[in-house]
Amino acid sequence: HVERCHGLLHLIDVTSNDIKKDYLTIIREIEAYDSDLSKKTQILVLTKSDAVEKQKVVSAKEVVKKLNVGNVINISSVSGENIIYLI
């Protein structure tokens, strides 16, 4: 039995030089594929937070929050940081 998806989880590498561009690319692709998908709850996950200074994560969150992204979380698969929130 597989549960239906009630929201979308977007993963963006926080080491990226252009988080805003990466996010907008994802959103445009979703809207082009199915505009109803863009209406679902969306969570943005910034990955590899162990690979950058804490300020880079803070800055990345500020960038996406200016794009009206309400749900942003940073994770690290290496350290396990915030992985529990994705379960």
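Start with a quick one: is Lys-39 buried or exposed? Lys-39 is exposed, at 65% relative accessibility. Here, buried means under 20% relative accessible area, exposed means over 50%, and partly exposed lies in between, with a 1.4 Å probe and protein chains only.

Some ground rules. This is a predicted model, so local features need pLDDT of at least 70 and side-chain atom pairs pLDDT 80 or more, while totals for chains, interfaces and linings use all residues. Residues are numbered from 1 along each chain as its sequence is written, and side-chain values use heavy atoms, without hydrogens or water.

Now salt bridges: a side-chain nitrogen of Lys or Arg within 4 Å of a carboxyl oxygen of Asp or Glu. The whole structure has 2. Lys-39 pairs with Asp-36, closest N and O atoms 3.5 Å apart. Asp-36 is partly exposed, at 48%.

Next, Lys-48 and Asp-13, at 3.1 Å. This pair links distant parts of the chain, 35 residues apart. Asp-13 is in strand E1 (residues 7-13); Lys-48 is in the loop between strand E2 (41-47) and helix H2 (54-65). Helices (H or I, at least four residues) and strands (E, at least two) are DSSP runs, numbered from the N terminus. Both partners are partly exposed: Lys-48 at 43%, Asp-13 at 23%.

Finally, the inside. The largest nonpolar core has 12 residues, including Ile-12, Tyr-23, Leu-44 and Val-69. Such a core is a set of buried Ala, Val, Leu, Ile, Met, Phe, Trp, Tyr and Cys residues joined through side-chain atoms within 4.5 Å. Helix H1 (19-33), E2 and H2 each supply at least two of its residues.
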